[in-house]
Amino acid sequence: MLVVSWVPVALPERTDPSRLTRDGLARLDPVLEHRIRLGASVLLSRVDALSFSRLKELLGATDGNLGAQMRKLEEANYVAVRKEFRNRKPLTWYSLTRAGKKALRSHLEAVQKVIRSTVLG
């Protein structure tokens, strides 16, 4: 005699897009929400260090704006600053700290979560 039993199987839960959006938005790092701060962090994540003038050129920023934004990253301990003189001219170098790398990774994961929520919706 053949006995067939029914065993309930859990179906994969469909992710709620609004929950993904809410979670992603809550995890965005306010320090990295500014275009120049985010751009500088991404650029610095690829190299050991970049000079102020190179960041200015790559980001299309003014001296004052870039200086203010880099100061915010420095205050958050996301970048380290090294100053030197070359041919009697000041030269400022920036590098992403371990905390900055962690914050950038977390921020980008949150952005991806928000993007996935719109794709599911």
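# Briefing: strands, helices and surface

Strand 2 and strand 3 (residues 89-96) run antiparallel and are joined by eight bridges. They belong to a predicted model of a protein with five helices and three strands. Along the sequence these elements follow the pattern α-α-β-α-α-β-β-α.

**Helix 2 and helix 3**

- Two packed helices are described by the angle between their axes and the distance between the axes.
- For helix 2 (residues 35-45) and helix 3 (residues 52-59), the angle is about 115° and the axes are 11 Å apart.
- The crossing of helix 2 with helix 3 is right-handed.
- On the helix 2 side, the residues that meet helix 3 are Arg35, Ile36, Gly39, Ala40 and Leu43. Their counterparts in helix 3 are Leu55, Leu58 and Leu59.
- Sorted by class, this contact of helix 2 with helix 3 has six nonpolar residues, one polar residue and one charged residue.

**Leu108 in helix 5**

- Helix 5 covers residues 98-120, and Leu108 is found in it.
- Leu108 has a relative accessible area of 35%, so it counts as partly exposed: the limits for that class are 20% and 50%.
- Between Leu108 and Arg27 there are 81 residues of separation in sequence, while their C-alpha atoms lie 9.6 Å apart in space.

**The protein overall**

- The protein has 121 residues, and 32% of them are buried.
- Its accessible surface is about 8800 Å². Carbon and sulfur atoms account for 54% of that surface.
- Among contacts with a separation of 6 or more, 57% are between residues 24 or more positions apart.

Notes:
Residues numbered from 1 in each chain as written. Predicted model: local features only at pLDDT ≥ 70, side-chain atom pairs only at ≥ 80, totals over all residues. Heavy atoms only, no water. Helix = DSSP H or I, 4+ residues; strand = E, 2+ residues; numbered from the N terminus. Buried < 20%, exposed > 50% of the residue type's maximum accessible area, 1.4 Å probe, protein only. Contact = heavy atoms within 4.5 Å. Areas by Shrake-Rupley, 256 points an atom, 1.4 Å probe, with all protein chains shown as cover. Pairing = 2+ DSSP bridges. Axes fitted to C-alpha atoms, helices over the stretch in contact; angles between N-to-C directions. Left-handed = near helix turned anticlockwise from the far one by under 90°. Nonpolar A, V, L, I, M, F, W, Y, C, P; charged D, E, K, R; others polar.
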